[in-house]
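Keep the structure open while you read.

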Amino acid sequence: MGKHPVIGLLGGGQLGRMLQEAASPLNVELAILDAAGSPAKQICENTKHVSGSFNDPAKIRELAARVDVLTVEIEHVDADVLEEIATKGVSVGAGQPLKKVPCHPSWETIRLIQDKYLQKEHFLRAGIPVAPQVAVEGEAALTTTALQAVGDKYGFPFMLKARKGSYDGRGNFLVRDPADFDEAIRSMGKLSLYAEKFQPFVKELSVMVVRTEDDDGKLRDVHPYPAVETVHEDSICTKVFLPPRGVPAEACEEARKVASNVIRTLKGRGVYAVEMFVLKDGSIVVNEVAPRPHNSGHLFTEAVPYMSQFKAQLCAILDIFPGKVTLQPRVESAIMLNVLGGAAEESHETLVDMASRSYDKDMDVYIHLYGKASKPGRKIGHITVTSPSAKVSGLEQLAGQLTKEVDSIREGRLASAAAQLRPSDSAAAPAPSKPASSRSRSDPLVVVTMGSDSDLPVLKGAFEVLELFGVPYDYTITSAHRTPQRMVELGQAAAARGVRVLIAAAGGAAHLPGMLASETTLPVIGVPVRATHLDGQDSLLSIVQMPRGCPVATVGINNSTNAGLLAVKILGCTDERYAAAMARYMKTMSDEVEAKAGRLEEIGWEAYLEKK
């Protein structure tokens, strides 16, 4: 077989690694744009690779100059540069004509899919079943009034989603009722958003579809794989089942038809994943599309060994995909288990060892590790189990120990995260026991007060922190202007009660924290509350600009979470139990930054900034 055109791949993560594994037997050469040592580059070396970010326009052009066709490992890439390269061309040297390099899937498809709202509007116009949705335009549009209008339109709960940059379930917010409005605005207010009617699904399905075209971009055919069931936990896929459990064959076939119709509306050769919901009445609703190989298609490497999704991607791009193929599994059932990083770096090793020792005449086990460092929740591999004869329910039983270990890793990861956020027992310094609520009206260490009950929602963050660290606390309302005597009594009696810190929230003139500080020797933390006018700036300045001799520690506007954390740090100065708990909390924040760094490395700076 002669040498095929060189394919340039934007991204060298685990999907690129498995694409390279499929390319070698086909005598296909890949040139990869990603950081040195990325998973795909670990198993493939050549002089055409480019080191750098797959979102760097200069690096993309450098790769394009070295290859014959481009494809992507992830859709969060620079579609404008891909359009330029495909339609105008890229320089291959001084005095040389520009070389046009096509991209599959098409840059038009990538651009469309990057905006989930426009993606679904496109499908809606084509008669594809999608959830009713409405755009939430601009940061100023995300108000309680706008959210209530969505609730009136679609009912509660409804979904608030980021239009761009969301990944593995991130960028989604379930608005259960009006009580969630403030948190939705705080969490999602900086994003470009749309709201969607909640779909009360009973199963999540995915269908991989291969799209083939002629050289003029005209659709030749679509080839759907069988539908699979996906299971998501903690906003990430953990398990995939073939065939789907408890889903009628008719619904699975309908899912394949819908998925095929979806991909007919797009442009570009290759493999696409169509994620869908099965509703209670058996109907199918499309959730979103990934224009590339996908986590839900991994099990086809063993279930359909003559045409894995990665081989299909290469064959479609190179226009050598067989015209007549049914993509039927050669096994009765298959299960894919994602190997996710656990609480410790070696948490997954027991699972991998167990898989390597699993033998049964009715079950085959395949281990795929990605060459990635283990971090909590990070995809570092997957395990596929197949059976030539057992139904999927029987295969579940055969693979029960593996599934149990996957669940155990998750439980350990969650328990570790929780333990780092709360005081724990130690022989030298036993932590305070944390009851159902740590509120203590008789012996509080922290007292939280507010000028009005309208300030209560703002203080939710402080209450949650104090509960999290098991700090005995109490709360009340004391107005500096309407009940000054009550305020004076609170300040003067606090130290004698054993209170160590006072937190006071106030809006507008915001005199409460300062006047309270003048009546007590205890540290007072002021929380400026955003009122109707001046967006809380008046409250902030009223609290922070105290005269010399009467200090008040002041946090950001409406930021009572920081007030709670500062109170715990103050307690930690004299109580090592709280100091140790704060150290664990800070370690958790550090781990989160490490996870974000890993995500940045995976999806590139541009997609990450869009998500932010």
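Where is the place of Ser-235? Look in the loop between strand E11 (228-233) and strand E12. Keep in mind that this is a predicted model.

Here's some background first: most residues other than glycine have a negative phi, and most peptide bonds are trans. Ser-235 isn't a glycine, yet its phi is positive, at about 65°. Asp-319 is another non-glycine with a positive phi, about 60° in this case. You'll find Asp-319 in the loop between helix H11 (309-317) and strand E15 (333-340). Here are the two, with their relative accessible areas:

| Residue | Phi | Relative accessible area |
|---|---|---|
| Ser-235 | about 65° | 43%, partly exposed |
| Asp-319 | about 60° | 30%, partly exposed |

Now for the peptide bonds. The one from His-104 to Pro-105 is cis, with omega near 0°. Pro-105 sits in the loop that runs between helix H4 (79-87) and helix H5 (107-114). There's also a cis bond from Leu-242 to Pro-243, where omega is near -10°. Pro-243 belongs to the loop between strand E12 (236-242) and helix H9 (249-264).

One last stop: is His-294 buried or exposed? His-294 counts as buried because its relative accessible area is 11%, and the cut-off for buried is under 20%. This histidine lies in the loop between strand E14 (284-290) and helix H10 (300-303). Leaving aside residues up to four places away in sequence, His-294 touches Ser-206, Met-208, Ala-273, Glu-275 and Gln-309.

Note on methods. Residues are numbered from 1 along each chain as its sequence is written. This is a predicted model: local features need pLDDT of at least 70, side-chain atom pairs count only at pLDDT 80 or more; totals for chains, interfaces and linings use all residues. Side-chain values use heavy atoms; hydrogens and water are left out. Helices (H or I, at least four residues) and strands (E, at least two) are DSSP runs, numbered from the N terminus. Buried means under 20% relative accessible area, exposed over 50%, partly exposed in between (1.4 Å probe, protein chains only). Contact means heavy atoms within 4.5 Å.
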